[in-house]
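Here are some friendly notes to read alongside the model. Keep the structure open and find each spot as you go.

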Amino acid sequence: MNFLIVTHVLHAKREADYLAYAPYVKEMNLWLKYVDKVTIVAPLLADKEIRPIDIAYQHENIDFKSIPAFNLLSIKSSLKTLLVLPVIFFKIIGAMRKADHIHLRCPGNIGLIGCVSQIFFPSKIKTAKYAGNWDPNSKQPLSYRLQKRILSNTFLTKKMNVLVYGDWKNQTKNIKSFFTATYRDRDKGEVKKRTFSDTITFSFVGSLSPGKRPLLTIQIIEALRKRNYNVRLDVYGDGAKRNELESYIAQNQLQEYITLHGNVTSNRVKEVHKTAHFMMLPSKSEGWPKVVAEAMFWGSLPIVTKISCVPYMLDEGNRGILIEPTVESAVEAIENVLKSPEAYQEKVEKAIEWSRIYTLDTFENELKSLL
């Protein structure tokens, strides 16, 4: 089987290996275990620095077809896009003609071209992984809405399973509720039971970007301290907001109970989840936030905004705490749980039970049926 991947993910090359963002490549390597040949149509940047978070595809027969990366963020880049679009389109069409299975990674600029291109191959077996927010009522860019419309139109899109996060009503028959995973069945170790008798620990794991709202997380912890709760916050990740967060912590003298740790390894994050009482992620948008499922797996109760499929993951609050993105409402919701250790423990146990269904072993079995 010649398995074609069409993706916007930026790639680099080191000797004979092709590398890209680790979480994406780890997932793709599970697909590639069951195919004979892999064709990848994606941007390949000659000067792309290979980061610690980049890893290589694991396959002996890879045919990489490089295409230009593009965006529409300025007049200059938009004009450049008009020049490269025909090149990208015909490269994708050529690769699809030779493929046995077409796999699109959406949403993204390249994903949109892939969505249009696949219309010309109605008899080929296809899958699309929509890794963003599939919520039909969410406000999204035009390109995202176009991809969702094409993928869910069974007249234009034939013989395709579209994998989306969450369980949404009134969907076409080709839309399949799916998930992503981090741990194996063999990782289901014992979970340490937490109590509120000592310091109550919170973690934030993610990029320090406006979309993740790390400052709101800090302000929620600050408000809990002012209400005399013995809490502390450990922040893991880096990004554009780091300097602002450091300034806020210093100006408000929060260093004693809030620490920015920067980027850390996945093993370190796992150890954090094993001991923290809560994991907070008040994002503006998510697909299937893996960090939420990972925290649940180890008994760290997630505190998350009501976005995308997160209410589904948390069973509308029975497996975690759903908050509005304000300090006052978040503190009130957290206080309700802090005042009832029994309710906290019940939510934790439900979260552990649910998250341990979605392992990499289950994920692989699902992939086999799709292929």
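1. Start at the end of helix 8: Gly299 follows this helix, and its phi is positive, near 85°. Keep in mind as you look around that this is a predicted model.

2. Now step back to helix 8 itself. How many of its residues are buried? The count is seven of eight, so helix 8 is mostly covered, with buried meaning under 20% relative accessible area. The buried ones are Val291, Val292, Ala293, Glu294, Ala295, Met296 and Phe297. Do notice that a glutamate, Glu294, is on that list.

3. What do the buried residues of helix 8 pack against? Their partners include three helices: helix 7 (266–275), helix 9 (310–313) and helix 11. Strand 11, strand 14 (278–281) and strand 15 (301–305) are partners too.

4. Rolling a probe the size of a water molecule over the atoms shows where empty space is left. With a threshold of 30 Å³ or more, the count comes to one cavity. The largest cavity has a volume of about 100 Å³. It is lined by 13 residues, and Ala181, Thr182, Ala293, Ser355 and Tyr358 are the closest to its centre. You have met Ala293 already, as one of the buried residues of helix 8.

5. Which elements give two or more residues to the lining of the largest cavity? They are helix 8 (290–297) and helix 11 (341–355). Helix 8 supplies the largest share, four residues. Sorted by class, the lining of this cavity has seven nonpolar, four polar and two charged residues.

6. Next, have a look at an open space, the second largest pocket. About 240 Å³ of space lies in this pocket. Its lining is made of 19 residues, and those nearest the centre are Asn133, Ser138, Gln140, Lys284 and Ser285. By class, the lining of the second largest pocket has seven nonpolar, seven polar and five charged residues.

7. The aromatic rings deserve a visit. The structure holds 22 aromatic pairs. One cluster, linked by ring pairs, takes in Tyr165, Phe178, Phe179, Trp288, Trp354, Tyr358 and Phe363. Tyr358 is also one of the residues closest to the centre of the largest cavity.

8. Rings can have charged neighbours as well. Which residue has its charged end over the ring of Trp298? Lys274 does, at 4.7 Å from the ring centre. In another such arrangement, Arg225 lies over the face of Tyr257, 4.1 Å from the centre of the ring.

9. Leaving aside residues up to four places away in sequence, Gly189 touches Trp298 and Arg356. Is Gly189 buried, partly exposed or exposed? Its relative accessible area is 30%, so Gly189 is partly exposed.

10. Leu45 and Ala12 are 33 residues apart along the chain, and 5.8 Å separates their C-alpha atoms. Beyond residues up to four places away in sequence, Leu45 touches Leu10, His11 and Ala12. Leu45 counts as partly exposed because its relative accessibility is 29%.

11. Finally, some backbone details in loops. The peptide bond from Cys106 to Pro107 is cis, with omega near -5°. Pro107 is placed in the loop between strand 7 (101–106) and helix 3 (109–117).

12. Asn170 is not a glycine, although its phi is positive, about 60°. You will find Asn170 in the loop between strand 9 (160–165) and strand 10, and at 83% relative accessibility it counts as exposed. Asn228 also has a positive phi, about 70°. Look for Asn228 in the loop between helix 5 (214–226) and strand 12 (231–236). Its relative accessibility is 70%, so Asn228 counts as exposed.

Methods. Residues numbered from 1 in each chain as written. Predicted model: local features only at pLDDT ≥ 70, side-chain atom pairs only at ≥ 80, totals over all residues. Heavy atoms only, no water. 1 Å grid on protein atoms, 1.4 Å probe; cavity = no way out; pocket = protein on both sides within 12 Å on 5 of 7 lines; lining within 4 Å. Points joined across faces, edges and corners; volume = space filled by probe spheres on them. Nonpolar A, V, L, I, M, F, W, Y, C, P; charged D, E, K, R; others polar. Buried < 20%, exposed > 50% of the residue type's maximum accessible area, 1.4 Å probe, protein only. Contact = heavy atoms within 4.5 Å. Phe/Tyr/Trp six-rings, centres within 6.5 Å; stacked < 30°, edge-to-face > 60°. Lys NZ or Arg CZ within 6 Å of the ring centre and 35° of its normal.
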